[in-house]
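An account in running paragraphs would be welcome.

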Amino acid sequence: CTCSTEPQNHRDTEPQNHRTTEPQSHRTTEPQRVEKIRFSLDTFPCSPAAHVWELWIVDPDLVLLRGIFKLKKKSHDVLLTRTRLTWTPIVPETPTGALLLKDVFAVRVKRRRAAGQQTGGAVLGLALFCGRRRGRRLEEETLHLNNASVEHTHTWFNTVKELLAASKRPRSLKVLINPCSHKKEAVHIYRAHVAPLFKMADIHTDITITEKKGHALSVLKECKLDEFDGSVLVCVGGDGSVAEVCHALVLRAQLDAGSPETPERATLPLGIIPAGSTDVVSCSVHGVRDPVTAALHIILGHLQQVDMCSFSSLGRLVRFGFSAMFGFGGRSLALAEKKRWMSSSRRREYALVKTLAKLRPEECELSFLPAKKTDGNLSEQRISIMSIPCLSPHVPRGLAPNTRLANGSAALIAVGNTSRSEFIRHLKRFSSSSGQFSFSFVEAHAVSAVRLRPRALTGWPEEENEEEGESKSTPIIQSERAFPWNIDGELVEIANEVLVR
Ligand SMILES: Nc1ncnc2c1ncn2[C@@H]1O[C@H](COP(=O)(O)OP(=O)(O)OP(=O)(O)O)[C@@H](O)[C@H]1O
C-alpha cells in the first residue's frame, strides 16, 4: 500500500507504459500483474499530504528487472522480482543465427494497431526485411526482433537505417514497362509483385509505360543521363523489350563517347523484370525467371556484367544484341511473324513445324575469330551466335551452356547439312539433357568475332508462295535480297554479309 501525490513515485500511473521507457538491461518483458485500487481522500481523511491513496496489490513473482550478466564467466539471463533473483545460463554462447546486412533492404518499427488504425500504437520491436537465397531464387523474408522498449527499438532502428543508407543501393529507378509483352501482364506483374518491394525499400520510381515499339529507345536516346545519376534503369517486359533497352543503352554510351567504332560500356545499370514468354536474358542473368528474384537483385544493388555483341553490315551498325540465329532460327521467326494473329505459343509451334518440313541448309560463307584457338571457315550451316548462355524454361541448361555471362566471348554453334531426323535429334537434346553438340555435323566454338556472307542472295525463294490462302504480297522476306536473322527474338532482315563482334 502506497500513498502519493507524485505519480513518478509509483514509477508511472500506467504500469504497462513503464516497460516501454526502460533501457534494455533494466527492463522486464514479463506481463505485469499489478492491480491498482484508488481510494478517495474521504476514505482516509487522516492523511495530511495525499490527495489520493492507491493500494497496489503486487504479484511477488513479478519481474522487476531483467538483464544479461556474467556469472563465473558465463552469460546468464538474470531476473529480479520483489522476493528473489534467478539466473539461467544462456546457451549456446555462440550465435545461433546470422543475417548479413548486405541482404537486408528495409527496417521498420513494429507497432500494435487496431484494424484501420494508421498511426501510433504500442511499439512491439523491429522487423528487418531481407532477400534470402533459395536455390537460384531470392525470396523476401522478415526477421522479427521483438522488444517493447521504445527507446531501445528506436536506437536499433536508427542505426540499422543508417547502415542501410550507407550501402551502395539504388535510391531511384527509371522504370520502363512494355504493356504488350506476352499476355499483356507486365503492368500487373510490376504492380503486384515488384512495386511493393521497391516501396518497402524506400526507392523512388519514375514509371513510363511504353506506347509503341521504339518508345524506350527514343526515351533513352533523348534523356539527360545526369538526371539518372545514382539510379538504375528497369525494364519490365520480354526479351524484345530488354534487347531494345540494352541496344539503346550501349548505343547511347557510344554516341556520348563519340566513338562509333569502339564498344563503350553502358553508363547505367539495367534491372530486368521478366514479363515475356521466354525471358532468355533474365533467366541467363538471374538463373531463374522470377519477378521477385529480379526485383530483390535490383534493390540489393547486385551488379553483373554481361557481354553484348554488335551486329554490323557493310560497316554500318545494325544493332547490339545478346544472341542471333541465322538459317533455321531466322526462317522460322520470319514465318511466325506472318502469323501475328495467332497466339505466341501457337505461331511459334506452327512456324517450327513448317520450317522443319522445308528444312534445307543455307549456302553461306562463315568465318570466325576464335576466342582462344585458331580461326576457321565453315559453309552450308544453320548458325547461332550467343554472348550469354541463353537459359529459358524450355532450355534449362541454355542454348550455349558453355558461355559465361561476361567472359568477352560468344558461343558460335554451327549446324552443318544433315538429315531432318538428325537435326531434330540435335534440337531435342537442348530441352532434355546434354549432348546437343556431340553430333558430327555440329560445331561449337568460343569466338570473339564472326563474319557471315550468304552465298545465295535470294534465300529460300520457294517459301514465298508456300501456303494456300496466303497473300503473295506478304513474302517472308520483305526484300528479295534480304535474309532473315533472329536477333534476340526480333526479326531483322539483312541483305548483305554480317559482322558480329
Ligand atoms: N506499347 C507497345 N506496343 C507494341 N509494342 C511494344 C510496345 N512497347 C514495346 N513494344 C515492343 O514489343 C516488342 C516485344 O516485346 P517483348 O519482348 O517485351 O514481349 P514478347 O515478345 O511477348 O516477349 P518474349 O520476347 O519474351 O517472347 C519489343 O520489340 C518492344 O519494342
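The model is a predicted one. Its protein chain contains 10 helices and 23 strands. Of the 501 residues in the chain, 31% are buried. Among contacts with a separation of 6 or more, 64% are between residues 24 or more positions apart.

In soluble globular proteins, nonpolar side chains tend to be buried together. Here, the largest nonpolar core consists of 87 residues, and V234, V236, V245 and I273 have the most contacts inside it. Helix α5 supplies the largest share of this core, namely eight residues. The surroundings of V234 can be listed in detail: beyond its neighbours within four places in sequence, V234 is in contact with L173, K174, V175 and L176, and also with G271, I273 and I298. Another core, of five residues, lies apart from the largest one, and L333, A334, A336 and A351 are among its members.

Helix α5, which spans residues 239–257, is paired with helix α4, which spans residues 215–222; their axes come within 9 Å and cross at roughly 20°. How are α4 and α5 oriented to each other? Angles under 35 degrees count as roughly parallel, and α4 and α5 are therefore roughly parallel to each other. The crossing in which α4 passes α5 is right-handed. On the α4 side, the contact is made by A216, L217, L220 and K221, which meet S241, E244, V245, A248, L249 and R252 of α5. The residues of this contact divide into six nonpolar, one polar and three charged.

A second pair is formed by α8 and helix α9 (residues 344–357), whose axes come within 8 Å and cross at roughly 130°. The helices α8 and α9 are therefore oblique to each other. This crossing, too, is described as right-handed. From α8, the residues F328, R331, S332, L335 and A336 meet R347, R348, A351, L352, K354 and T355 of α9. By type, the residues of the contact comprise five nonpolar, two polar and four charged.

Helix α8 covers residues 328–337 and includes G329. Is G329 buried or exposed? With 21 other C-beta atoms within 10 Å, G329 is buried, because 20 or more such atoms are required. Leaving out residues up to four places away in sequence, G329 touches S384 and N486. G329 and T355 are 26 residues apart in sequence, and their C-alpha atoms are 9.0 Å apart in space.

Most residues other than glycine have a negative phi. K73 is not a glycine, yet has a positive phi of about 70°. K73 is found in the loop between β4 (65–71) and β5 (74–80). It has 5 C-beta neighbours inside 10 Å and therefore counts as exposed. D202 likewise has a positive phi, near 55°, and is a residue other than glycine. The loop that holds D202 lies between α3 (186–200) and β11 (204–209). Since D202 has 14 C-beta neighbours inside 10 Å, it counts as partly exposed.

Terms used
Residues are numbered from 1 along each chain as its sequence is written. This is a predicted model: local features need pLDDT of at least 70, side-chain atom pairs count only at pLDDT 80 or more; totals for chains, interfaces and linings use all residues. Axes are lines fitted to C-alpha atoms, for helices over the stretch in contact, and angles run from 0 to 180 degrees between N-to-C directions. Helices (H or I, at least four residues) and strands (E, at least two) are DSSP runs, numbered from the N terminus. Angles under 35 degrees count as roughly parallel, over 145 as roughly antiparallel, 65 to 115 as roughly perpendicular and the rest as oblique. A crossing is left-handed if the near helix is turned anticlockwise from the far one by less than a right angle, and right-handed if clockwise. Two residues are in contact if their C-beta atoms, placed from the backbone, lie within 7 Å. Ala, Val, Leu, Ile, Met, Phe, Trp, Tyr, Cys and Pro count as nonpolar, Asp, Glu, Lys and Arg as charged, and the others, Gly among them, as polar. A residue is buried if 20 or more other C-beta atoms lie within 10 Å of its own, exposed if 12 or fewer, and partly exposed in between; C-beta atoms are placed from the backbone. A nonpolar core is a set of buried Ala, Val, Leu, Ile, Met, Phe, Trp, Tyr and Cys residues joined through C-beta atoms within 7 Å.
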